[in-house]
2 protein chains.
Amino acid sequence: MSQNPKLVEQITPRDADFGQWYTDVVKKAALIDYSSVKGCVILRPYAYAIWENIQKALDGMFKRTGHQNVYMPLLIPESLLQREKDLVAGFEPEVAWVTHGGGEKLSERLCIRPTSETLFCEHYKNIIHSWRDLPKLYNQWCSVVRWEKTTRPFLRHREFLWQEGHTIHATADEAMRETLDMLDVYAELCGEWLAMPVIKGRKTESEKFPGAHATYAIECMMHDGRGLQAGTTHYFADTFAKAFDIQYADKNNIMVSPFQTSWGVSTRLLGGIIMVHGDDSGLILPPKIAPAQIGIVPVAAHKPGVLETAAKLKERLTDAGIRADMDASDQSPGWKFAEYEMKGVPLRLEIGPKDIEKGCCVLARRDTGEKSETPLDGLEDAVSRALDAIQGNLLSRAEQNLKTRTAAASSIEEMEARRDAGFVKGMWCGSAQCEETVRERTGMKSRCIPFEQDRIGDKCVCCGKPADQLLIFGLQY
Amino acid sequence: MSQNPKLVEQITPRDADFGQWYTDVVKKAALIDYSSVKGCVILRPYAYAIWENIQKALDGMFKRTGHQNVYMPLLIPESLLQREKDLVAGFEPEVAWVTHGGGEKLSERLCIRPTSETLFCEHYKNIIHSWRDLPKLYNQWCSVVRWEKTTRPFLRHREFLWQEGHTIHATADEAMRETLDMLDVYAELCGEWLAMPVIKGRKTESEKFPGAHATYAIECMMHDGRGLQAGTTHYFADTFAKAFDIQYADKNNIMVSPFQTSWGVSTRLLGGIIMVHGDDSGLILPPKIAPAQIGIVPVAAHKPGVLETAAKLKERLTDAGIRADMDASDQSPGWKFAEYEMKGVPLRLEIGPKDIEKGCCVLARRDTGEKSETPLDGLEDAVSRALDAIQGNLLSRAEQNLKTRTAAASSIEEMEARRDAGFVKGMWCGSAQCEETVRERTGMKSRCIPFEQDRIGDKCVCCGKPADQLLIFGLQY
């Protein structure tokens, strides 16, 4: 397919060294640049444009489900962070501390938010007094800082962009429903927009969020057999309300505690998109979130009428609501083909003098490499149909990958043997000790207790005692 | 107008105590809540929704003019901040320093970005090598931190949301054109969307941005006679390029320095909107950026058919692309009227059993208080026309205020006498000493050398020496 071997040679083949392939794609597709602060990266225009499309889709879903955006401060006083003991134990080791401001030493250290539960609680205490004030369904788009030892583009940064939803409700039932509803919203984002099928489930006690009563997650399968936790939702019951002394007068005028949730997804999703769909020629973007859905390449652009026709096609497609890009530079068509491939533009349109004569152009699909001569008459419909087909095919391929890379095991030896293949399901007695033993023996952490519980036995893979739930294990990032 | 005196009584009249009126409006319209970090505020849903509408309008203008969004890190190493001497001198006194991360003392202090010129320069050095790489027209939406001594909601926070554009060009001319074009974009945002007329001009040498070759500003007039600098654009020439050693190979393959600009507006615009349009009943929002353009109040809502009719009207207006809100709570209509007034919703729709019988409703304008009986048939058009009329009227009123509050003076005594009225124009010889003397004597800082130079004399208001340019002075926030 690629007309310019020189450019493509610079990417390591995906199956030869997955980690290096990933790093190559991130760099060659101009997604990220490094800054002089280790672990803090620059999101270049192409990466940010993908993130903006994800934001737009997700923010629309949040608003349709009654959520409102707010903005909380970046800084949290040490004493506020310490109000909820599990949260502080979970996050304190990895926060960044501000100690000086305006030329003076601060009287109290401030941390840069690693997550904002404490700030929302402080605000809720101010604004919630009566049952009339509930629920509050808030979200914010911001960056957070977690001072991790090892970092990796999109998957683990010291600073990353995300959204964090924080809601507060009159009843436990309503809060639990919210927790599960938002997991569905995340699964919809992944399935419908990102073409990334997910497994929904509950985290074990050892893997849940600090301070949470229960944590739910969506888990995705990458092309190297590793699992990616793509989003989580947390049910807090009234733990935080009690720690922050938030109470409201119910309809009988009795002071009671409300119930809370939080949930988030981040730019880590971009890492997922790369690793689920990409191939040896670079990125492959799902049409629904691709900044450019089609890349137009004029062939023999110096010939009369070629550039004009190409520009007119771009205009026609744009008017039809398709995100069309045209490369009118003086680079060779081969260079442009390789560049659009590297950037994962779902569809390429080639048009030259002979095509114009015939009233046709060539459409090339990024996912299959398939080329088809397409009449200019009715081009908009043909392009829309092709984009839909690509979106659908990417999802099917990813579903197939998830299916192929999920195995079942009935002993710890079987788990170990299937480790490199992907997710491994096993029956689990529920003890943290067995979960830990599996991790020690196989290197796999528990991913989640999936909602879909196909019973594959009745004994724990680890201790052999009676077990009535399925747990999924897998290698992770 | 107001049906519920109790609610409205809580606002200090605007002309009695402008500062207190402003604080009251910010609180009562639920725009802001305070956090436990002094000077860092919470943008509540209503304020954030206004900001989102501003962002959407402005981001659209940026994209139409070829700009791309990126995201730069939050943290800047001390050594990087110090690369450009004027910038560091200007900002170092008010930065916040991170000294510890992940439980350890950092080997170098990191400041939270007060502005991101240094980060963009570092990135440009990595990615710009040839004339083919120019221009880069970048922007980012983020928050910045400046550790100010005194703070005031929206006008001066220790952390605030803004956008910062950073562009780099092959020639000085192109960079200067960008600097002026972006000032026009800001003026268009203020005039067309926020109904805030501006004076465009150049800052004096003493007032320009640290490190800039020239700074341009848009200045607005508030209702207490003070000026508000609503946005600035900076032309850097090749100062930063030289400090950061950025060079590119031109078409003759000679290494040369590129030219840069930066420009920004912030949530300070919300303060401007409040102070330009608000009155004794609260906020008045320009329809184009109002989160709710019309607030529907069912009257005698317990009577059959009222709530249903009101809900149907909301649906009809929403379908017509109008942002309609309905208050179906059990509060009294009077309470709802006062609440929509406080929040500055441009138009209110009242509908009760008698209106339904007549096939009418009542529309009440927030800006004039005018009420008019309006047929339900063709309501969408009537509402659209009313919203346009309100947008136009707010702009005219603000233009009138700016005109009334701009005086001319030919001596420093006249300047002092007219100080409280608003902007005072005077001829200026160009010396920093005269500018400073005026400030000392009158308390007014220079606002800008306006592009529109009506010659009102030929002698400097201060020293009496020959003067060929007009300078505008004013009290500020």
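## Strands that pair across the chains

Strand 5 (residues 96-101) of chain A and strand 5 (residues 96-101) of chain B run antiparallel, with five bridges joining them. Here strands are DSSP runs of E, at least two residues long, numbered from the N terminus, and two strands pair if DSSP finds at least two bridges between them. Pick out Trp97(A): its bridge partner in strand 5 of chain B is His100(B).

This is a predicted model, where local features need pLDDT of at least 70 and side-chain atom pairs need 80 or more, while totals for chains, interfaces and linings use all residues. Residues are numbered from 1 along each chain as its sequence is written, chains are lettered from A in the order in which they are written, and side-chain values use heavy atoms, leaving out hydrogens and water.

## How much surface is involved

On each side, 54 residues are in contact with the other chain (contact means heavy atoms within 4.5 Å). Together the two chains bury about 4500 Å², 56% of it on carbon and sulfur atoms. Buried area is the accessible area (1.4 Å probe) lost on putting two parts together, summed over both. In chain A, Pro45(A), Tyr71(A) and Trp147(A) lose the most area to chain B, together 13% of what that side buries.

## Charges across the gap

How many salt bridges are there between chain A and chain B? The count is six, each a side-chain nitrogen of Lys or Arg within 4 Å of a carboxyl oxygen of Asp or Glu. One of them links Asp330(A) to Arg132(B), with the closest N and O atoms 2.9 Å apart.

Note on methods:
Helices (H or I, at least four residues) and strands (E, at least two) are DSSP runs, numbered from the N terminus.
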